[in-house]
Amino acid sequence: MARITLSNLRHSYYRNPKGPDDFALKEIDVTWEDGGAYALLGPSGCGKSTLLNIISGLLTPSEGRVLFDDKDVTNLPPDQRNIAQVFQFPVIYDTMTVYDNLAFPLKNRGVGASQIDSRVQAIAEMLDVTDMLSTRAAHLSPDNKQKISMGRGLVRDDVNVVMFDEPLTVIDPHLKWKLRSKLKELHQRVRATMIYVTHDQTEALTFADQVVVMQEGEVVQIGTPIELFDRPAHTFVGHFIGSPGMNILAGELKDGGAFLNGHNVALEGPVSGTDGAIEIGVRPEFVEFGPGGLPARVTNIADVGRHNVVEARIGDIPIKAKIEGDIPEVGSEVGVILKQDQTRAYRGGWLATEAQS
Amino acid sequence: MKTENQKAWFFVLPVLFLVAFNALVPMMTVVNYSVQETFGDNLFFWQGLDWFEQILRSDRFHAALGRQFLFTFMILIIEVPLGIIIALSMPRKGPWVPVCLVLMALPMLIPWNVVGAMWNIFTLPKIGLLGYLMNDTLGITYDMTQDPLAAWITIIVMDVWHWTSLVVLLSYAGLVSIPDAYYQAAKIDGASPWGVFRYIQLPKMKTVLTIAILLRFMDSFNIYTEPFVLTGGGPGNSTTLLSIDLVKIALGQFDLGPAAAMSLIYFAITLLVSWVFYTLMTKDDAK
């Protein structure tokens with residue numbers, strides 16, 4: 001187990017990268033504490049798998065260093081880093097039994113037979129696969145296969161970090177939930193540092209103590225799930241996390257006040273910087289309808305079960321609201337009220353208001 | 001309730017006709033010959049199973065069958081490992097992939113009798129490049145028209161040259177279908193190169209290798225054209241494989257009855273070995 005430090009990390013798949021666009025990873029500086037559960041969240045192609053492969057040693061970064069505790073492992077191959085990785089598709093050794101699959105990493109490292117046996121039995125019990133130990137791994141269902149590939153990572157007791165690369169992609173929806181809670185349970189039992197890569201916000205937010213949100217090779221925000229939801233540091237985080245995501249409304253900053261379609265909007269606090277175009281961000285959860293609000297017209301209503309998502313337009317600007325209880329009719333004129341302490345201004349994508357405590 | 005749709009039979013009919021005319025009918029004429037004796041003029045005499053007994057007891061048949069098994073065994077034991085090694089060393093990505101594939105496919109595109117003729121000219125002493133090189137430059141006596149061992153080496157090398165590509169291409173297809181994650185997982189698990197081959201590559205190649213071995217067995221067991229053009233079964237009878245012997249009996253001596261009986265035995269052996277091999281190889285998957 002170890003603390004993981006990524007220091008000034010950059011990576012390009014080109015031999016001679018010319019501009020910042022050639023970099024799949026742009027300047028990453030992160031420290032992950034020993035024993036933590038972290039998630040890397042971002043859309044496909046944001047560089048999260050590249051980052052994962054750099055940590056595991058399958059890729060060597062173009063610039064920067066990777067430290068496990070204080071040891072520089074940047075140039076070490078995967079098998080010398082004592083890491084484990086679970087892939088998108090379950091990787092199992094078809095011809096071996098479940099037992100041999102779990103024992104394989106230990107056998108390759110020359111561990112004694114009795115020690116192998118006790119480790120394999122312990123891990124099998126943790127994963128609830130004890131009754132399958134003598135079956136051939138090829139005959140297992142996908143979720144059990146994925147459990148075995150997790151087990152191969154956990155079986156070594158010297159593992160620095162276990163990494164998961166979208167491990168639930170091929171698992172049936174009703175088993176995803178089970179496997180996810182298994183994973184959480186495992187983390188509490190073995191206390192290894194775990195990094196979970198996904199583009200699914202539910203997976204990231206339920207698994208991790210801390211979520212790293214990435215976009216186009218950059219880390220846009222690191223925080224607890226609550227922090228990411230409450231105060232997104234970037235419009236991307238606001239939009240990517242939440243369902244539906246944050247409303248990002250084109251507005252204007254004039255004489256120290258924010259204006260939306262010509263109407264003054266109260267923000268959570270003072271805005272830094274000069275007058276000009278800004279974006280006003282507010283989550284649909286904090287949008288209400290009522291008298292005295294910004295004039296708008298309801299354009300669409302989607303019933304998503306426990307609540308309704310009401311779409312309206314303030315002039316030309318679309319806005320979504322999550323409403324429980326009474327909903328206005330489509331086509332009706334309504335007043336839109338934005339909850340002040342949840343209404344923030346963004347400039348160039350980045351948060352520009354200060355919170356009033 | 002499910003109603004059975006009898007119309008489906010009509011769709012099978014064309015295939016049935018096709019198979020009947022290109023396989024069943026010719027096969028039955030052979031069966032017909034195999035139990036009768038004829039002296040021409042369409043006169044036939046019932047012979048029962050005499051021809052079968054005669055063939056099965058004949059030393060000549062035993063010798064040809066032995067040579068046939070030896071030949072097939074030799075080429076399989078060379079072509080399969082060699083094919084896998086070549087497939088493993090071919091690039092998985094990049095501009096060299098098509099180049100390698102075309103190079104590999106080339107020998108298989110050459111008509112079989114041309115292969116025989118090529119190797120004949122190539123290996124003849126005095127006039128052939130290889131023959132000249134061996135005898136006159138290196139001073140090693142090499143004459144496949146006189147020496148049985150040289151003839152055997154030549155037909156085996158020729159077959160390896162002609163058909164290893166098939167094993168290579170099929171193995172390669174199996175190899176490139178392995179996702180990168182398997183190799184990465186093996187690296188992380190600390191597997192040795194042999195471990196990667198034994199537990200990842202070989203199991204993933206198993207299906208295509210089964211087909212490759214099956215095809216190479218059937219083709220090599222029925223081989224005729226190339227050795228016939230190259231050695232004509234000689235020197236003596238040393239390279240007279242089953243099919244060459246069969247043609248000698250059927251068209252050389254015009255013994256249609258024994259030849260027909262021999263064809264059926266030949267066919268039964270090919271079928272039996274293929275079936276046993278295929279059943280053994282696929283047994284695990286069915287479990």
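Select A:Leu6 to begin: setting aside neighbours within four places in sequence, this residue is in contact with A:Ile28, A:Asp29, A:Val30, A:Trp32, A:Leu51, A:Ile55, A:Arg65 and A:Val66. The model under view is a predicted one.

**The core around A:Leu6**

Next, colour A:Leu6, A:Trp32, A:Leu51, A:Phe68 and A:Ile195, which touch the most other members of the largest nonpolar core, a set of 94 residues. Which element supplies the largest share of this core? Display helix H7 of chain B, residues 148–176: that helix contributes 11 residues. A further core, of 48 residues, lies apart from the largest one; select A:Leu102, A:Leu175, A:Ala192 and A:Phe207, which are among its members.

**The sheet of chain A**

Return to chain A and show its strands as a cartoon. Four strands form an open sheet in the order E2-E1-E4-E5, and their pairing is antiparallel. At the edges are strand E2 (23–32) and strand E5 (71–72), each of which pairs on one side only. Strands of a sheet pair through backbone hydrogen bonds, in either a parallel or an antiparallel sense.

Now select strand E1 (residues 4–12) together with strand E4 (residues 63–68) of chain A; five bridges join them in the antiparallel sense. Where in E4(A) is the bridge partner of A:Thr5? The partner is A:Leu67.

**Helix H4 of chain B**

Move to chain B and select residues 96–109, which make up helix H4. Its 14 residues reach 20 Å from the first C-alpha to the last, close to the 20 Å expected at 1.5 Å a residue. Highlight B:Val97, B:Cys100, B:Met104 and B:Pro107, the buried residues of H4(B). Turn the view to look down the axis of H4(B): the buried residues fall within an arc of 105 degrees and therefore line one face of the helix. An α-helix has 3.6 residues a turn, so residues three or four places apart point the same way.

The face of H4(B) turned away from the buried side carries the exposed residues B:Val102 and B:Leu109.

**A loop residue in chain B**

Finally, select B:Thr240, located in the loop between helix H10 (225–230) and helix H11 (242–252) of chain B. Is B:Thr240 buried or exposed? With a relative accessible area of 1%, B:Thr240 is buried. Excluding residues up to four places away in sequence, B:Thr240 touches B:Ala64, B:Arg67, B:Gly233, B:Asp245 and B:Lys248.

Terms used:
Residues are numbered from 1 along each chain as its sequence is written. Chains are lettered from A and ligands numbered from 1 in the order in which they are written. This is a predicted model: local features need pLDDT of at least 70, side-chain atom pairs count only at pLDDT 80 or more; totals for chains, interfaces and linings use all residues. Side-chain values use heavy atoms; hydrogens and water are left out. Two strands pair if DSSP finds at least two bridges between them. Helices (H or I, at least four residues) and strands (E, at least two) are DSSP runs, numbered from the N terminus. Buried means under 20% relative accessible area, exposed over 50%, partly exposed in between (1.4 Å probe, protein chains only). Contact means heavy atoms within 4.5 Å. A nonpolar core is a set of buried Ala, Val, Leu, Ile, Met, Phe, Trp, Tyr and Cys residues joined through side-chain atoms within 4.5 Å. The expected span of a helix is 1.5 Å times one less than its number of residues. The arc is that of the directions from the helix axis to the C-beta atoms.
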